[in-house]
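The sequence and structure come first.

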Amino acid sequence: MGFGFLFVGYLLTFNVAYAAYTDVFAYLLMLLGLSTLSKYAKGFRSALYFGIPSALLSLVLFGERIGVLLGFFAENPIFITYTAPVACLCKAVFLFFVLQGVAEIATETDIPVLRVRALRNRIFTVIYLLFATVMETGLFGRLSVFLMTLSMVYLLYCIVFTFLNAKLFFECYVWICLEGDEDMTRAPSRFGFINRFRAWQDKQDEKTLARKQEEAARRAARKNSKTGKK
């Protein structure tokens with residue numbers, strides 16, 4: 001459905017320290033997933049549009065880092081100073097709309113826990129943007145001791161924030177699928193470890209499907225009991 005590419009692409013953003021080297025590949029994978037998801041929610045369509053300039057900017061930053069690494073030109077601090085805040089802004093807006101899409105599709109598929117987590121992560125995205133603005137623009141550059149502490153807090157927040165989003169995207173991959181996808185067959189791999197992993201994954205999917213069916217039965221029972229009372 002697209003959540004697999006979204007999840008794998010977003011995993012690459014865990015590389016906080018050297019994001020310029022991996023963000024371009026992360027955006028390309030996420031855009032690939034959003035190209036499918038955009039058909040099902042307005043938020044995903046908006047994220048797809050905002051993701052394109054984000055990917056282009058990440059490509060420019062990637063080229064600049066590679067050029068410096070290979071010695072084609074010297075590092076330009078002014079370039080980093082102006083592009084880093086813009087990259088953070090693009091990332092925050094992109095994630096905000098992705099999470100909006102998750103909330104919309106979770107509402108449509110009647111999975112309230114995913115909708116609540118998506119809304120929670122949207123709030124965290126706003127906090128991330130404020131945090132990144134302070135750090136990337138150097139508003140506290142003169143307070144070196146305070147800046148060192150704030151940098152550590154910012155790094156930890158980015159790791160937790162990224163983990164929560166990755167966890168949510170994986171849960172979407174597990175819980176949300178197109179009608180009929182459960183019955184799709186696949187050819188066995190020639191690699192034994194892949195077949196073993198698939199067998200383990202199928203067992204987990206069966207447990208997840210059973211939980212979904214139980215939850216749907218409970219909702220139907222509650223609905224019937226309310227209707228009976230009326």
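Buried means under 20% relative accessible area, exposed means over 50%, and partly exposed lies in between, using a 1.4 Å probe and protein chains only. This is a predicted model, in which local features need pLDDT of at least 70 and side-chain atom pairs count only at pLDDT 80 or more, while totals for chains, interfaces and linings use all residues. Residues are numbered from 1 along each chain as its sequence is written, and side-chain values use heavy atoms, with hydrogens and water left out. Helices (H or I, at least four residues) and strands (E, at least two) are DSSP runs, numbered from the N terminus.

- N121 belongs to helix α5, which covers residues 112-136.
- With a relative accessible area of 0%, N121 is buried.
- The side chain of N121 comes to 3.5 Å from the backbone oxygen of L164. A polar contact is a pair of N or O atoms within 3.5 Å; within protein, one must be able to donate a hydrogen and the other to accept it, and residues adjacent in sequence count only if both atoms are side-chain atoms.
- Contact means heavy atoms within 4.5 Å. Apart from neighbours within four places in sequence, N121 is in contact with L99, F161, L164, N165 and L168.
- C172 is in helix α6, residues 144-175, and is buried at 0% relative accessibility.
- Neighbours within four places in sequence aside, the contacts of C172 are F3, V102 and L114.
- From C172 to I111 the C-alpha to C-alpha distance is 9.7 Å, and the two are 61 residues apart in sequence.

**Salt bridges**

- A salt bridge is a side-chain nitrogen of Lys or Arg within 4 Å of a carboxyl oxygen of Asp or Glu. The count by this rule is three.
- E64 pairs with R65 in a salt bridge, with the closest N and O atoms 2.9 Å apart. E64 is buried at a relative accessible area of 8%, and R65 is buried at 16%.
- E171 forms a salt bridge with R117, where the closest N and O atoms are 2.6 Å apart. Because E171 lies in helix α6 and R117 in helix α5, this pair ties together parts that are 54 residues apart in sequence.
- E171 is buried, with a relative accessible area of 13%, whereas R117 is partly exposed at 25%.
- K167 also meets E171 in a salt bridge, at 2.6 Å from N to O. K167 and E171 are both in helix α6 and lie four residues apart, about one turn of the helix.
- K167 is partly exposed, with a relative accessible area of 35%. Through shared partners, the salt bridges join R117, K167 and E171 into one network.

**Aromatic rings**

- Rings of Phe, Tyr and Trp (its six-membered ring) pair if their centres lie within 6.5 Å; planes under 30 degrees apart count as stacked, over 60 as edge-to-face and the rest as tilted. Searching the whole structure gives twelve aromatic pairs.
- One of the pairs is F3 with F44, which is edge-to-face, at 6.0 Å centre to centre and 75° between the planes. The F3–F44 pair links distant parts of the chain, with F3 in helix α1 (residues 3-11) and F44 in helix α3 (residues 42-69), 41 residues apart. F3 and F44 are both buried.
- F96 and F97 make an edge-to-face pair, 6.2 Å centre to centre with 85° between the planes. F96 is partly exposed, with a relative accessible area of 28%.
- The charged end of R122 sits over the ring of F96, 3.9 Å from the ring centre. A charge sits over a ring if NZ of Lys or CZ of Arg is within 6 Å of the ring centre and within 35 degrees of the ring normal.
- One aromatic cluster is formed by Y128, F131, Y154, Y157 and F161.

**Cysteines**

- A disulfide is a pair of cysteine sulfur atoms within 2.5 Å. By this rule there are zero disulfides.
- The closest cysteine sulfur to that of C90 is in C88, 9.4 Å away, so the two are too far apart for a bond. C90 is partly exposed, with a relative accessible area of 21%.
- C158 is in no disulfide, and the nearest cysteine sulfur, that of C88, is 7.6 Å away. C158 is buried, with a relative accessible area of 5%.
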